[in-house]
Protein chains: 2
Amino acid sequence: MARASDESVALASVEDLEDLALRDDYALNPAYVEMVVDAADRSDTKRLRELIDALHPADIADLMGFLSSTYREELIPLLSPDDFAEVLSELEGSIREDILENVDPARLAAALGEMDSDDAADVVDDLEDDKKGAVLAAMSDVDRASIETALAYEDETAGRLMQREVMAAPQFWTVGQTIDHVRAAGDELPELFFDIYVVDPANKPLGAVAVSRLLQAKPDALLSAVMEPVTEIPVDMDQEEVAYIFDKYHLISAPVVEPGGRLVGQITVDDIVGVIQDESEEDMLALAGVSDPGRGASILDITRSRFWWLLINLGTAILASGVIAVYQGSIAKLAALAVLNPIAASMGGNAGTQTLTVAVRALATKELNAANILMTVWREVAVGLLNGVAFFVVIGAITFFWFHDPAMALVAGLAMIINLFAAAVAGILLPLALDKMGFDPAASSVVFLTTVTDCVGYFSFLGLATLIILR
Amino acid sequence: MARASDESVALASVEDLEDLALRDDYALNPAYVEMVVDAADRSDTKRLRELIDALHPADIADLMGFLSSTYREELIPLLSPDDFAEVLSELEGSIREDILENVDPARLAAALGEMDSDDAADVVDDLEDDKKGAVLAAMSDVDRASIETALAYEDETAGRLMQREVMAAPQFWTVGQTIDHVRAAGDELPELFFDIYVVDPANKPLGAVAVSRLLQAKPDALLSAVMEPVTEIPVDMDQEEVAYIFDKYHLISAPVVEPGGRLVGQITVDDIVGVIQDESEEDMLALAGVSDPGRGASILDITRSRFWWLLINLGTAILASGVIAVYQGSIAKLAALAVLNPIAASMGGNAGTQTLTVAVRALATKELNAANILMTVWREVAVGLLNGVAFFVVIGAITFFWFHDPAMALVAGLAMIINLFAAAVAGILLPLALDKMGFDPAASSVVFLTTVTDCVGYFSFLGLATLIILR
C-alpha cells in the first residue's frame, strides 16, 4: 500500500483512518505505524489522538509492539481508562513491564478496576513489589480482594485463567425465573456469558444451560430438566490440561471448582485460544532451543538467553569431535575420510529430528500413551531401518561414482543404515523417557538426540573405514 | 492405575466405567483401551456396547486412534447415528478415510444429516468419488444441497469452516420481537448460538447482539440500538487469517459474508480452536521437515514421506562435503583439522535455527512486518555477532588447551565468529525472503539455512587454517 501524504491524511475522516489502519489480512498497516511515528515526532497530540481513536484496543496493543519505548510513553496518556485497561490485557510481557514501570499508580488502579479479574491479576503480578503495594492501596476493597484471591492461585493454572464472575442458578428454578433474574441482575453478572451453571444448595455445579437454549426452552420447565452435563475444571489444573479439555470437547465455557467441588469461577474459550497459541509456540521454540524474546527485549538479554543453549551444544559438538580424534590416525592415512565423515551424522540428525518432533507433538496431544507405545516405537524403528536401506543405496552409489572405491561406498552406506537406525531409536525413546521422568520432552531432547546422532555417525563411519578400508 | 480384573469390571455400573475411562488428565485410560480390545477379542458385543456407551463421542474418536482397523470395524456398527456422526467429525484423516471406505452409504447418509454443514462437507470431501455419488444420492435434497454448497468453497477457507445455520434479525426488530422469534423458531436455527446478527434488508450484517445481552436489554429497545460492531469474515479468507482475527479480537462468533457483503454463514470459536492447533502444529512439523502421519498411517507411507526431505538434506550434506574436498590436501597435512572442522558448522546450524524459529513464529503472528523489519534484522545480526565474540573466547580457550596451538585456537575462534554471523544473517533473511515470495517460511528455510551454515562453517575453518596454519 502506498503511503498517504500528510495533506491527504489530515483531511481523512475517522472512517478513512480505520480503513487505512489495517491491511487486508487484518494486520496493522506499516504505513499507519509510520503515521503515528511522524505525529509523535511533531508532538502533534491532536493528530495522535485521532490516529489512536481509529484503532481497536487490540490493534493499539499491536502498535505498541512496533514502537520504541519513548513513542509508547507519548501514547499512554492519550488512552481512556477503558482502552488503557484493554491495551494492558493484550500487551506482551516485556513491553507491558516497561509501560507498568512508568505509569501512575492511581491511573493503573482505575484501569485495573475495568478489567476481568483474571486479566487484572496478570497485570498486578507483573508489577515490581513496591509499586504493587501502591497500586493495590489505590483500588477499591472489592477489586483488591478479587485480585488478591486470583493471585493466590499459581501461575498457569485454571485458578489464574478463570474469571470469578459467573451466572449460576439453583436447580429448582424454572427457565422463566432464571430469565427474570438475569434481567433484574446488574453488575454482579459477567459482562458476557454463554452458559448458566445449575448448582445444588452447596454451590456445586450439576449441569449447565446455554443461554440460547434457555431462550428456546419452555418458561415453566425446571433448570434441572433442561440442563446438560458439564465438565468441571479443578482450580489447580494446569492451563495446558484445561486447553486440552476445551479442544477435545469443543467447550465454550466450563465451571471451575474448588477441591470440595464448590463453584468458584468459569473459564471461557476466548481465554483458551491464547493458551493454545502459547503452548504450541512454546514447544516449537523449545525444540529450537530458544525462548520468545518478545518485541521489547534488548539485544543483550537475547544474546544471553541464547548463549546457554549454544554452550550446551558446543559441549556436545566437542564430545563428537572427541570421537573423530580417536580416528585421527585413520584420517592422516586417508584424508578422503574427512570429506565424507559429516554426511551420516548430518542425515542422522535430520531423521532423528523428524521422529522426535512427531513424538513431541503426539505426547502434547495425548495421542501417544501406554496403549500404543510399543506400536509407535516399532513403527519409528521400522521407518528408520527402511530409510536406512534406501540411503545405503543412494549414498553408496554416489560415493562409488565420486571416489571410484567400492570399499568406501560400502562403508558410507553401512554408516548410513546404522545411524538412521540409531536416530530413530533415540528420536522416539528420548522424548518418551523425558516425559516419563516428568521433564518437558520438547525442551531438552534435541541436545541429547544430536549428541547420539553425531557420535554414532562419526564412530560408525570412521570405525568401519578403519576396519574395512585401512585394515 | 492398576488394571481392573474382568470380574470386578463386569459388575461395574455405567458410572464406574465413566470413572475408569479417563485418567486424571482427561486422556483416555490405556487400561480402558485394553478392556475394549479384550471384549472385542471375545466378540462380547454386549460388553463392547457398555464400554462404548460410557464414553463421550470425542473419547470414542480418540479410542479409534488407539485401535487397529479390525477392532474399529467391530465398534462402528454399535454406534447410534448421532454418536457415529460426532465420532466422524472428530476423527483424524487417515483413520476416517479407512472407516469411510467400509461403511454402508445409507448409514453414512443418515449420520451426515445429523452433522453441522461444515463437518458434513469435510467428511464427504474425504470419500472416494464413486462412494461420494452413492452417499449424496441417499441424502435428503436439503442436506445434499447444503453439502454441495459448502464443497463449492475451497478447502481451508472461511467458506468451508462456516456453518450455514445462523440467527439473523432485521435492524428494525425490537429485543422483545427477537426473543419471541427465537422461541417460536425451530429447526432452522443453529443448535447453539452466541450472537444474533443484525442485518439490513439486503441481508448485509450491520452488527451483532450477544444472546446474554439480548436477555438483559429492555424488550422495547431496537436491535439497532443495542447491537455492537462485528468483524465480517470474507467467505474466501484463508482459515489461518480467520484464526488470527478470532485470536486478536477475542471473538466468540463472526458473520461470514459473500463478496457482495451478504451474510452467508457464521464461524464459531470452537471451530477456530482446532484451526489454531493445526496451524501451529503444521509450522512445528514443517520446521523439522516432516508431516503428521496420523495414527493410521502405514510404515511404508511414513517412510516414503520422510524420504524426500532426507534426500534433499543429503544433497546439501554432499554439497558441504564438496567444500571439505577442496581442502583435502590441508587435512592430509594436518589431520587435527578434521577433528575440529564440524564444530563451527554445528554451532552455526544451532544458532541459525534459533533465529529462524523466532522469525517464523513472528511472521505467523504478524509481529514482524515492514514497520520493524530493519530493527529485527539488526537485532538478530547483533545477537549473532555478540555470541560470535563470546564463543570466539570459549572455543579459542578450549582449542588452545586441547591442541596447545595458538594458531589453531585463533582459527577455531575466527571460524566461530564468521559462522555465527552468517547463521544470523541467513536465519533472519531466509524466512523473510521466502515469505515475501509467497512461500511458507516454515517449510523450506531449514534446508537453505543448514546449507549456508555447513558450507560457511567448513569453508571458514578450513580456509583460515590453510591460510594461517599451513601457509
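1. Chain B holds an open sheet of 3 strands in the order E1-E2-E3, with mixed pairing (strands are DSSP runs of E, at least two residues, numbered from the N terminus; two strands pair if DSSP finds at least two bridges between them). Strand E1 (168–170) and strand E3 (205–210) of chain B are at the edges with a single partner strand each, so one side of each has no neighbour in the sheet. From one strand to the next the twist averages 30°.

2. The model is predicted: local features need pLDDT of at least 70 and side-chain atom pairs pLDDT 80 or more, while totals for chains, interfaces and linings use all residues. Residues are numbered from 1 along each chain as its sequence is written, and chains are lettered from A and ligands numbered from 1 in the order written.

3. Strand E2 (residues 195–199) of chain B runs antiparallel to E3(B), joined to it by 5 bridges. Val198(B) has Gly207(B) in E3(B) as its bridge partner.

4. Helix H18 (residues 269–287) and helix H24 (residues 441–468) of chain B pack at about 15°, their axes 7 Å apart (axes are lines fitted to C-alpha atoms over the stretch in contact, with angles from 0 to 180 degrees between N-to-C directions). H18(B) and H24(B) are therefore roughly parallel (angles under 35 degrees). Asp283(B), Ala286(B) and Leu287(B) in H18(B) meet Ala442(B), Ala443(B) and Val446(B) in H24(B).

5. Between the chains, 97 residues of chain A are in contact with 96 residues of chain B (C-beta atoms, placed from the backbone, within 7 Å). Helix H21 (residues 336–364) of chain A gives the most to chain A's side, with 16 residues.

Terms used: Helices (H or I, at least four residues) and strands (E, at least two) are DSSP runs, numbered from the N terminus. Two residues are in contact if their C-beta atoms, placed from the backbone, lie within 7 Å. Angles under 35 degrees count as roughly parallel, over 145 as roughly antiparallel, 65 to 115 as roughly perpendicular and the rest as oblique.
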